[in-house]
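Me: I'm new to reading protein models. Could you walk me through one, feature by feature?

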Amino acid sequence: MKTYDIVIVGGGPAGLAAAASAKKAGIDSILILERDKELGGILNQCIHNGFGLHTFKEELTGPEYAGRFIDVVKELGIEYLLNTMVMDISGDKIVTAMNRTDGMFQVQAKAVILAMGCRERSRGALNIPGYRPAGIFSAGTAQRLVNMEGYMPGREVVILGSGDIGLIMARRMTLEGAKVKVVAELMPYSGGLKRNIVQCLNDYGIPLKLSHTVVDIRGKERLEGITLAQVDEKGKPIPGTEEDYTCDTLLLSVGLIPENELSRGMGVEMDSVTSGPVVNESLETSIPGVFACGNVLHVHDLVDYVSEEAGRAGVNAAKFVKGELSEGGKDIPLIATSGARYTVPRHINVDKMDDLLTVRFRVGAVFKDSYISVYYNDERIMHRKKQVMAPGEMEEIILQKEKLAAYPDLQSITVKIESE
Amino acid sequence: MYDVCIIGGGVTGCAIARELSRYQVNACVIEKCEDVCCGTSKANSAIVHAGFDAAEGSLMAKMNVEGNRLMEQLSKDLDFPFRRNGSLVVCMNKEDLPGLQTLYERGVKNGVPELRILSREETLAMEPNLSDEVQGALYAPTGGIVCPFNLTIALAENANANGVEFRFDTEVTGIEKADGYYEIKTDKGTVETRCVVNAAGVYSDAIHNMVSENKIKITARRGDYCLLDRSVGDYVSHTVFPLPTKLGKGVLVSPTIHGNLIVGPTAIDIEDKEGTNTTKAGLDDLISKAGMTVKNLPIRQVITSFAGLRAHEDGHEFIIGEVADAEGFFDAAGIESPGLSSAPAIGIAVAGMLRDKLDLAEKEDFIATRKGILNPADLSIDERNELIRKQPAYGTIICRCESVTEGEILDAIHRPLGAKSLDGVKRRTRAGMGRCQAGFCSPRTMEILERELHMGMEEITKSGGASAIVTGRTKSQGQEG
Amino acid sequence: MEKKELICIGCPMGCPITVTLDNGAIVEVTGNTCPRGKSYAEKEVTNPTRIVTSTVRVEGGERPLVSVKTKEDVPKDKIFACMEEINAAVAKAPIKIGDVILENVAGTGIPVVATKADAAC
């Protein structure tokens, strides 16, 4: 069996950044396993601009952003396999993968970086009633068909869900000559960026109906129409508000789910809120030497943050391989409450953390003129005002090792949203 | 002229075709859809009932018990997945306990083997996730679960291998009696045949009534289902039925043969025989009813919901046999639950009637077995690598959720009566049946269909007819609406 | 006097901004929380521009399409004119990121460039 210091599962933005930083941290034996026929992951089909403002201080399209990282990985001579599906990872880091030329094979890794990304929620998971005709696509599948294969999913489109992929596809379909009739969003706010609402919907006169959902799907063979209804505060359709739309296409942009079948298979502890692994300050999962980053860890809003996080995972995996990720110290849990839904990481070891540690989280509702507060035990040590926080965007706090070390009795760190 | 024309390519029609193909006969199956298993057979509980439910002495009881008995050998002969996971009828109320006894006695009279009444403790020991209210259960070890798609497809492929012709996308519009034969009018021309078998599911009344003055009525009885992710597929290990009470029939909760969990069905009589739409009321109803037998049903793990139509005959009995005022016309009508379980027995029964009617001799070269699509997951790593060396397509995963390789999809497309659509591939290989519901694999499967069947992408359908997936190329605005 | 309503895209706040114009000249900007909102609104009202991204057919490449963008912002009212030319264009492989596919799209003086590479096959 071949052995590698680090095996990275997934050659998208997370895997690429992790590989590059691990290599720069002095690890030469790295293998990236990518299931698609090229590196870059989902960015290859995200042909719109808006990527990289943080990382490169310029606005790139998805393929350009991916291209920069792919170039680095190639320049660094990092080994990768395309068209290769990882089938299983054992708890002791034997990775079983398969492709056409090598067949099914196993490699032993000293460290594993999970970078499998996420998948879209399907219609089935929403339990939308009605028929099951052709013409219902997740927004990402439609994006692949349009941008990669050059086919139109349909001509008269309704979009459910105002996540960014849905908004981007509203514009993309319009530019390709389709009529996008409406975007419906179950929540009273959009999960997408303001900029996308303005530039993808308002620019083209596409209405956004908040607090609306699809309550019926018509058409026995190809989609013929859908019914929208307004929903109450609990998300239940309000009788009498139904509106019929004729359409041949329904795109769903209703959420992303970290793709953690492999992580579960290897016995990694999972976080029920993020659907990603529970990680510590090193982005290390419950299995020592197994790290996670990018959308497999928690769904990100911007790819820049994926790259940054994956870079850290790569550095830490390198440290692990070199035996520099020390043992000992005490794990302090991070508790997300009162509006904060989760934190990544979920526990930290002050002895092992860097001087500064970025903790990312999301809020559960729209908050205006509220505060992000951080408590060490019961003492509030951070209180930062934000004019607006929305579930669609990630928030962050930065913990300082120096300050934490001044609390020897630290039992927990709590992150909450407070109105004053 | 055919000797026998079977109308309907569901499990009943295909079972009859397969049994009939033992004989020297010129037979065909006429199916209005693009594939077999497109109606009732594709959307049901996928249960092989033990046979305690049907009324004592009924044809249903007889066929069910016999079909159940035959299923195991058939699954080996025709290589489709079947497992006797055992059924439990659970009683939630002390006052209803005598109902279990009644059911037990009926089952014994129907000839169901190994039935046993379990105490509350025994029941909970077998199924810890049952509701705390459970008082006892009837246990039928012979109850089973099957893949209805592969059962039907296996029967059809084997019938085809033994010479039965299949005419797809062909809808029967009328049947006329001629001199000693029938003329079946279809949208693809007229078919002449000495005998007709009516296995038309929810349309079996319409087909029957084309030739007989003794009219029958089949009502489409819709059943809504939810299918849950494999991660909760072991929530129960037996098929759990609630004991019917004065409050209603309840819904079953069962593992499927492929490791998902199925919940359903509702029972709603409808007018539209194509009305396979789920409704919010139906889904809400079944979720609340399932909650009565199992506790904390993990309903957030639903990966899809669907509805199927049972061909409910007014008298709630199978109508099987030659029609009195139409010689040579045989009904296999009103085949609702336990129709799937009964199919092997119905096949033998109807084929036997046709043999006697037409005085058919057995074939000497009847092929009794059929090989299903190879599942590489059943192989060792070495065997798998050997396969990939010979056929590299087995090294490419197309459906990540169900780990389906390109090799399996190629097999599904190129075998006799092969897949022509995404659903055709899905029913044969499970590609697209997993938790992402084809979001990942459908463009890839489309590319394979395009390449292998030399179709344009625009011609590729979800399930035949007007169910095209894409409507054209990009860069073409102005060319159409 | 003319009033134009718009939503600021500078941050998640999404301030509703009102711009008052007199004969095309900006008289007043209200509703913004920060100076970025003001400059966004001024630009958006007088000269709204966008990057257009799409795909162009490829001849002789590994893929049927290559992704492209306008190298700089184009006037918003030229988006569909740009799309017409982009849709009619054909790029010949090999293609590198940044290769000019159209020199001057829709008379804007701005080129359309490839955002992805495609080797010849």
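This is a predicted model: local features need pLDDT of at least 70, side-chain atom pairs count only at pLDDT 80 or more; totals for chains, interfaces and linings use all residues.

Me: Which domains does the assignment give for chain C, and how far apart do their C-alpha centres lie?

Reply: Domain 1 covers 2-46 and domain 2 covers 53-114. The C-alpha centres of these two domains of chain C are 31 Å apart.

Me: What order do the elements of chain C run in?

Reply: Read from the N terminus, chain C goes β-β-β-α-β-β-β-β-α-β-β-β. That gives two helices and ten strands. As for burial, 35% of the 121 residues in chain C are buried.

Me: Now the other chains. How many residues of chain B are in contact with chain A?

Reply: For an interface in general, size is often given as the accessible area lost when the parts come together. Here we can count residues instead: 44 of chain B are in contact with 41 of chain A. Elements of chain B giving two or more residues to that side include α7 (280-293), β18 (302-313) and β23 (472-473). By class, the chain B side has 16 nonpolar, 21 polar and seven charged residues.

Me: In what sense do β11 of chain A and β23(B) pair, parallel or antiparallel?

Reply: Antiparallel, over two bridges, with β11 spanning residues 151-152 of chain A. In β23(B), B:Arg473 is the bridge partner of A:Tyr151.

Technical notes. Residues are numbered from 1 along each chain as its sequence is written. Chains are lettered from A and ligands numbered from 1 in the order in which they are written. Domain bounds come from an automatic or database domain assignment. Helices (H or I, at least four residues) and strands (E, at least two) are DSSP runs, numbered from the N terminus. A residue is buried if 20 or more other C-beta atoms lie within 10 Å of its own, exposed if 12 or fewer, and partly exposed in between; C-beta atoms are placed from the backbone. Two residues are in contact if their C-beta atoms, placed from the backbone, lie within 7 Å. Ala, Val, Leu, Ile, Met, Phe, Trp, Tyr, Cys and Pro count as nonpolar, Asp, Glu, Lys and Arg as charged, and the others, Gly among them, as polar. Two strands pair if DSSP finds at least two bridges between them.
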